[in-house]
Amino acid sequence: SLVVLFGATAGAYGAKLGSDERELILLVWQVVDLHSKKVGTLHKSLVKADNLDLSDQCREVSGLTPEGLGKAEPLDRVLQQFSQLVSSDLKVLGRSSYTLCSDGQLLIRQVLHPETSKKNFLLSDCFYSFYDLRKEFHTCYPSSAAVKDQTIKTMAEYLGLGTDEAEEDFGVWQVKTMVAIIFSMLSEGCNHVFTEPETVKYKYETGPCLVKYWKTWIKPLSSFFFLCSSKSETVDSETVIRARGLPWQSSDQDIARFFKGLNIAKGGVALCLNSQGRRNGEALVRFVNSEQRDLALERHKHHMGSRYIEVYKATGEEFLKIAGGTSNEVAQFLSKENQVIIRMRGLPFTATQEDVLGFLGPECPVTGGKEGLLFVKYPDGRPTGDAFVLFSCEEYAQNALKKHKEILGKRYIELFRSTAAEVQQVVLNRYMSTPLIPTLPTPIIPVIPPPYTIATGSIRDCVRLRGLPYTAGIDDILEFMGDATGDIKPHGVHMVLNQQGRPSGDAFIQMKSADKAFMVAQKCHKKMMKDRYVEVFQCSGEEMNFVLMGGTLNRSGLSPPPCKLPCLSPPAYAAFQTAAVIPAEAAALYQPQALLPTTRTPQASAAAPPAVTYYPAQAAQLYMNYTAYYPSPPVSPTTVGYIAAPPGAVAAAATATHTPILPQPGALVRMQGLPYNTGMKEILSFFQGYQYAPDDYNGLIQLSDQARSVLQAPKEWVCL
């Protein structure tokens, strides 16, 4: 038996059904006995959506109203009624089993599965197998239009079925016509047989990237799967997409849930890592065929929690760069099927397998004991402090995640969900090479002119803009502010960037007074910018400063930043007209590697001019200052870069007295990974045997008298 099923949402109709994330509002169905060619009762059920705001197209096509839908049952109750009524009709017809049959795949894959997944209730097994009437029709009538161009109306016209859509209620006509089409396909001239239903995977299958080869191995003509081991192997580019904007804590299972209803290839979710080996909010997803990929592209800007996810086409080559290639060690580690992978970070470099197993304890046993552990090492064999662990079930993995930030030795350990693709990337150190998807241009240090300081205090003379379009620039913000632009302090617009260096949708603006800030918040709150409304709130300089320094501002109050130092991040374009030098605090802490060239000789050192960071004068406005907000963990600030200044700017900076000038190139180094209790003496002891010039730094780094005396104490050094 077939159950012919038709549905509609509160939004788009036809080929765009489900593409706008609107909820289901109508289900119509009828049981068809293929042997006796009898039908059951036709049922029509309205569904009460959480959002009863119907689109114009929905109102016009369906004739439904919010008032009528408000009296309907919610989706979970309607689906229960569906199962009960279908069972009753089957009993009357003398049948016990059935398969769904729908007009295309959108209702099942793009509406029912995603919506029930978001609402956290399970669909019955019947929704994981169905017949696509359009495909069956094209198989029965090969000379008909292509599957993607078929509709209920075109199929009826091809068969010459004289049904008038206006004579029936919306949904009823569609089901009756579909039943008539099925009976035509079952007639003696066609004798069509429904044999191969479409299937929806119950769950995402984890594992390494697989490419299938036919090879003789012990038994002739046996089918074997091999790990992708070289970039010469191909993955069909028509099956791969790139998802961008993912929460940093999202796992492969979260991504699979976002694409619920679509069939992802085994091991087909590859989380992308940045140059530090941390997730960058992007993933490449490989589907079983191009049809599934095309449906995935229709989920562009659908939501995962409160964030919308961008979905774009990608290539098989990009996927293989992330998910392909492995070593024997990784292959053996990932050879176990259906394992939950947890990544451990921050392990002591001396940690052994016994230490890790003891840390996890008996409540979360590792699959295979020591064989279920994989330590990550640098190419020279040194441990990185990372490890991957296999667990046989979700319960053990959850127990392990509860140990997040517990102490092993003298260090706290971070635990996160991971994937097979991440294992391959991290263990092979592929993230050390050029990123697959560049997220930023060559970075530069944003500098602040000497007169500028970020405001502090409790005076509410600032406003916060939330919900800005990600493409919004300085001109868009100034246009949005309108006449209030003249009341903005110089360099008073601060864009907050996310961990990828892109605009986060937030900005802070310093106004000339609290009254001006109040007027702007009243006038501009929920005003439209492009296609989005922007929320505007009045706030204090202290609140703004907390966020710009890495903290968060939410309903429960202020959350302190991970450190008390500004997180500098590259702007999208030049924002200052004049050259400026790096502020002392920023120069001391965010000195780029480009400032560390090869060892200089005394002669070259004497002749070389002082190096300063220069900001090219390209913009006419002086409003913009970019500041980054980097949530933690696991995201950390990206490496900043360096731009050499023109000779004139160097000379001008050298004569300036208000700001210290950086020493000559090669004089500064930055240390990362220091223990939190490290003092000045430990650092000096670490560098014992190397020459340094403390006098050059007195004006650059703020030191106490005690620290300066330690630095200036005579010691024996070996010249570097």
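Let's start with a charge and a ring: Lys-527 lies over the face of Phe-480, 5.3 Å from the ring centre. Before I go on, please keep in mind that this is a predicted model. A second example involves Arg-532, whose charged end sits over the ring of Tyr-470, at 5.7 Å from its centre.

Staying with rings for a moment, how many aromatic pairs does the structure hold? The count is 13. I'll show you two of them.

One is Tyr-131 with Phe-194, an edge-to-face pair with 5.3 Å from centre to centre and 75° between the planes. This pair links distant parts of the chain, since Tyr-131 belongs to strand 6, residues 129-132, while Phe-194 is in the loop between helix 7 and strand 7, and they are 63 residues apart. Are these two residues buried or exposed? Both Tyr-131 and Phe-194 are buried.

The other pair is Phe-137 with Tyr-158, again edge-to-face, at 5.8 Å centre to centre and 80° between the planes. Here helix 5 provides Phe-137 and helix 6 provides Tyr-158, 21 residues apart. Phe-137 is buried, with a relative accessible area of 0%, whereas Tyr-158 is partly exposed at 39%. There is also an aromatic cluster, formed by Phe-6, Tyr-13 and Phe-170.

Tyr-158 brings us to helix 6. Which residues are buried in this helix, which covers 152-159? They are Ile-152, Met-155 and Ala-156. Looking down the axis of helix 6, you would see its buried residues fall within an arc of 100°, so they line one face of the helix.

Most residues other than glycine have a negative phi. Glu-21 is not a glycine, yet its phi is positive, about 65°. You'll find Glu-21 in the loop between strand 1 and strand 2 (24-33), and it is partly exposed, with a relative accessible area of 24%. Lys-526, also a residue other than glycine, has a positive phi near 65°. Its place is in the loop between helix 16 (514-524) and strand 23 (527-529), and at 48% relative accessibility Lys-526 counts as partly exposed.

Methods:
Residues are numbered from 1 along each chain as its sequence is written. This is a predicted model: local features need pLDDT of at least 70, side-chain atom pairs count only at pLDDT 80 or more; totals for chains, interfaces and linings use all residues. Side-chain values use heavy atoms; hydrogens and water are left out. Buried means under 20% relative accessible area, exposed over 50%, partly exposed in between (1.4 Å probe, protein chains only). Helices (H or I, at least four residues) and strands (E, at least two) are DSSP runs, numbered from the N terminus. The arc is that of the directions from the helix axis to the C-beta atoms. Rings of Phe, Tyr and Trp (its six-membered ring) pair if their centres lie within 6.5 Å; planes under 30 degrees apart count as stacked, over 60 as edge-to-face and the rest as tilted. A charge sits over a ring if NZ of Lys or CZ of Arg is within 6 Å of the ring centre and within 35 degrees of the ring normal.
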